[in-house]
Amino acid sequence: MTEKELKKLRREELLEMLIVQSKRAEELEQQLAQAQAQLESRGIALEEAGSIAEAAFRLNGVYEAAQAAAQQYLENIQSLSARQQEISQRLETESRQTAEELLSETTARCKAMEEEARQKAESYWTEVSQKLDKYLADHAGMAELLSYQIPKPPGR
């Protein structure tokens, strides 16, 4: 699988690949344990073979295969880990940028709403003040009449 194809994978797919690699590593560890068991049994075969060089030559292939498998597993894990880290950093950056944009947009909307409310309040206050002034002007004569007191009859 190429690096480009790996970058296109979703997080779930990458995690599934990691699980598959983990299972493969366990299988290789089991194979290594079996190989070690065979190695111990070959120790007996070594005595029977009579030649240390011949036994080492036979066993050398098992060790090389186990070492190569272990090395490949470690490289795969490191590669997947690096890619996952890269994806996580990119997602975090995108999330932060989106949050900043939303905050900026919300702040602008709040300021616009505040300005609109202030303008409406000023307009309403002006309208009410004008109506009160007109009312007082229209009823100034009545206020005069009300302030005029009728004299009381004498004796009361």
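Start with the surface of the whole chain: in this predicted model, the accessible surface comes to about 13,700 Å². Carbon and sulfur atoms account for 56% of that area. Buried residues make up 8% of the 156 residues.

Now switch to a cartoon view. The chain has four helices and zero strands, so the run of elements from the N terminus reads α-α-α-α. Of the contacts in the chain with a separation of 6 or more, 66% join residues 24 or more positions apart.

Next, select Q84, in helix α3 (residues 52–138). Is Q84 buried or exposed? Q84 is buried, because its relative accessible area is 17%, under the 20% cut-off. Leaving aside neighbours within four places in sequence, Q84 touches R11 and L14.

Move to helix α2 (residues 11–49) and select R24 and E27, which sit three residues apart, about one turn of the helix. Their side chains form a salt bridge of 3.7 Å, N to O. R24 is partly exposed at 39% relative accessibility, and E27 is partly exposed at 40%.

Return to helix α3 and select E92 and R96, which are four residues apart, about one helical turn. Their closest N and O atoms are 3.0 Å apart, in a salt bridge. E92 is partly exposed at 41%, whereas R96 is exposed at 53%.

Further along helix α3, select E105 and R109, again four residues apart. This salt bridge is 2.9 Å, N to O. E105 is partly exposed and R109 is exposed.

Finish with E115, R118 and E122, which are linked in a network of salt bridges. The whole structure has seven salt bridges.

Technical notes:
Residues are numbered from 1 along each chain as its sequence is written. This is a predicted model: local features need pLDDT of at least 70, side-chain atom pairs count only at pLDDT 80 or more; totals for chains, interfaces and linings use all residues. Side-chain values use heavy atoms; hydrogens and water are left out. Helices (H or I, at least four residues) and strands (E, at least two) are DSSP runs, numbered from the N terminus. Buried means under 20% relative accessible area, exposed over 50%, partly exposed in between (1.4 Å probe, protein chains only). Contact means heavy atoms within 4.5 Å. Accessible areas come from the Shrake-Rupley method with a 1.4 Å probe; for residues, only the protein chains shown count as cover. A salt bridge is a side-chain nitrogen of Lys or Arg within 4 Å of a carboxyl oxygen of Asp or Glu.
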